[in-house]
Amino acid sequence: MELHLHRLDYTQVGVTSQKTMRLLPALGKKSTQKVAIADHDGVVTCFGMKKGEAVPVFKTLPGAKVARMDLGGAVGTPQEKIFVCSGSQVRGFTKKGKQFLTFEANLTESINALHVSGADLFVCASYIYNHYCDCKDQDYFLSGDKINDITCLSSEKLPHLIPVLACQDRVLRVLQGSELSYDIEVPGPPSVLELFNKDGGEEVLYGTTDGKIGLVQIGDCDAATKWEVGNEKRKGGILCIDTYDIIGDGVNDILVGRDDGTVEVYGFDSSSEPTLRFEHVLTESVTSIQGGCVGKESYDEVLTATYTGWVTGLTSEPQRAEAVQGVEVRMSKETQSKIEALSAELEQLQVKVLQGREQYQQSSQSSTAVSAVPIFSINDKFTLCQDDASYSLTLEVPTAIDNLLLQSDVPIDLLDVDKNSAVVSFSECDSQPNGNFLLATYRCQANTTRLELKVRSIEGQYGTLQAYVTPRLQPKTCQVRQYQIKPLSLHQRTHSIDPDRPMNRLSLVGQFSFAEIHSWVVFCLPEVPEKTPAGESVTFYFHNTFLGTQTEATYCKGEGHFKSDNISTISILRDVLSKEATKKKINLNISYDINDDSVSHTLRMIHPKLEYQLLLAKKVQLIDALKELQVHEGNADFLIPEYRSILDESANLLEEYKKQPAHLDRLYGMITDLLIDKFKFKGKNVRTKVSSMLEILDHYDLNSLLDFFSEP
């Protein structure tokens, strides 16, 4: 069954956080529902729709930024009480706007996740989970990594409420009281949780920051993964999920909102796997999504809230009839009055803008007027993409972006992004005296509020990437954001590694504390929690997204052990960790055990990538000559099939080659580092051999390269 939904914009509030909009329960079966939404100004707004207009029910006074919203009420009654959290405080409002609860959780960190069930209140700050019953402290849990979201299961099969935490280290933690019952490994860092059945049940939906969705069934002692939906098209990360029967087939559909503005509806066929039924792209990230009936009775819709506070409905109500040429189209009185009201509102806004401009011109020429810097918020995300081993930098601003300046003190490549329409220009920079390797300016087109960039770093070179964001505001103002490029920047956390690979070992022994060595590991590797883990020792596993090699880090007070099947990773760790220890004036006893088999193993892992890139470069070099021959001869029939296929695929080949600048150079660099690092651990300097190795690479053959590396 095909789904047709039409967009309607209802109202705009201030900048919103994730999951800060809810639909209040309907009074009748098909009657419209009220919308409650909270923003960064601390204002909670509740409105309903009447004759196409948003009519406010109540609006609170401004206050601290609202991070989350949930609905609650006594068990067995309509869940129509509105709960919001700001800082470490939770407030409750009735559906009419009367505040009936102010609860101070007394947490040192701000609450970022909230769940209400009857008299039970569950709140999470960065690493802390607290459960209160009737505002009295019940349970407490300290998580090993940041908590992104929480939900609770209740069903007849389960003896009590079971809280489930979505944690940054790619696990869902299932709690029992104040204890961890068990955890569930998921394919990416989970950002949002939602019950599959709102009336209860044991199934939980999760969405990840890298755009995957899954369903897990939670049991008393363990869990089972029902299905997972990947992210082959590399869409944005999941910010919100809801379940609602929008298709009308009696089965709940899954509504998904992503941080690149994509709204999706997944339905279920005869199989139990979800299939994409509808997709719509908004211009900014979708922070909240709900299914219900808002605009008109009997017409279901998907309601979304975006980062800048737009409340938008995708309604099943038919919006326009197709006009046939020569046939008069009659508009209803309701539509006519709508158009007249919009025209009048537009005229008023134009007058206001002109008055504002005149006032600004007068005040800017006045000698007594004081210029105030306009404050604007930036929603930014800097994440490693596993598919192409690059970092995605997303910047979102409530107003239009004028330009963006990128500066880096480490060598990085800028990659092409299809969604990015900004004009980029590079400036020459002095890398030697100033350590300035990149200076690039993005000039944005009109009304661009969201910008997505991709960069690729080189492992072993670490520093800072800075983004200077200038919006179209007067007076001109700029905000800077800094992002750390770590020494092992292309590594990503994983749940386990292959123990059968040939591993190199590095051991450190010295007078350092657990917190000190943890801070060094945080400095070296991404996705390690900043907070020192509980317990006496810890083990983390990583895999290199570019090469597929793996790393294991195990450390405790006074001792650190690192294993990797890539000798260059061990070399980088040794250099950086010894440098950090020297800064603290700590003596380290460093020992290592190098496995020669690991070098040939790494070369074999590089081989398919290198072979593919060499073939791609060769094909691209031939394109111009083949095109010239084709023009000269009039057709390409005389060419052998291999050359004809190169001509047929020339556009795709050039596109791919353009998307991967310096890819071949990067692989050459990795093989060069591998050679230098192998002999560095043996106390030999082989820089003179590099030119001979590059000659072998120019006439590449894996066996010749392996023989060259095995020479003493």
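The C-alpha centres of domain 1 and domain 4 lie 51 Å apart. The bounds of these domains come from an automatic or database domain assignment. Domain 1 covers residues 16–237 and domain 2 covers 386–485. Domain 3 spans 491–594, and domain 4 spans 597–710. The model is predicted: local features need pLDDT of at least 70, side-chain atom pairs count only at pLDDT 80 or more, and totals for chains, interfaces and linings use all residues. Residues are numbered from 1 along each chain as its sequence is written, and side-chain values use heavy atoms, with hydrogens and water left out.

The chain contains 43 strands and 10 helices. Both are DSSP runs numbered from the N terminus (helices: H or I, at least four residues; strands: E, at least two). The chain is as compact as a globular protein of its length, because its radius of gyration, 29 Å, is close to the 27 Å that the globule rule gives for 712 residues. That radius is taken over C-alpha atoms, and the rule is 2.2 Å times the number of residues to the power 0.38. Along the principal axes, the C-alpha atoms fill a box of roughly 85 × 75 × 70 Å.

Buried means under 20% relative accessible area, exposed over 50%, and partly exposed in between (1.4 Å probe, protein chains only). The chain exposes about 35,100 Å². Carbon and sulfur atoms supply 49% of that area. Accessible areas come from the Shrake-Rupley method with a 1.4 Å probe; for residues, only the protein chains shown count as cover.

Contacts (heavy atoms within 4.5 Å) were also examined. Among those between residues at least 6 apart in sequence, 57% join residues at least 24 apart.

Two residues illustrate the helices. E580 lies in helix α4, residues 567–583. With a relative accessibility of 11%, E580 counts as buried. E580 touches W520 and F523, leaving aside residues up to four places away in sequence. V469 is 111 residues from E580 along the chain, and their C-alpha atoms are separated by 32 Å.

Q621 sits in helix α5, residues 597–633. Q621 is exposed, at a relative accessible area of 65%. Q621 and K557 are 64 residues apart in sequence, and their C-alpha atoms are 56 Å apart in space.
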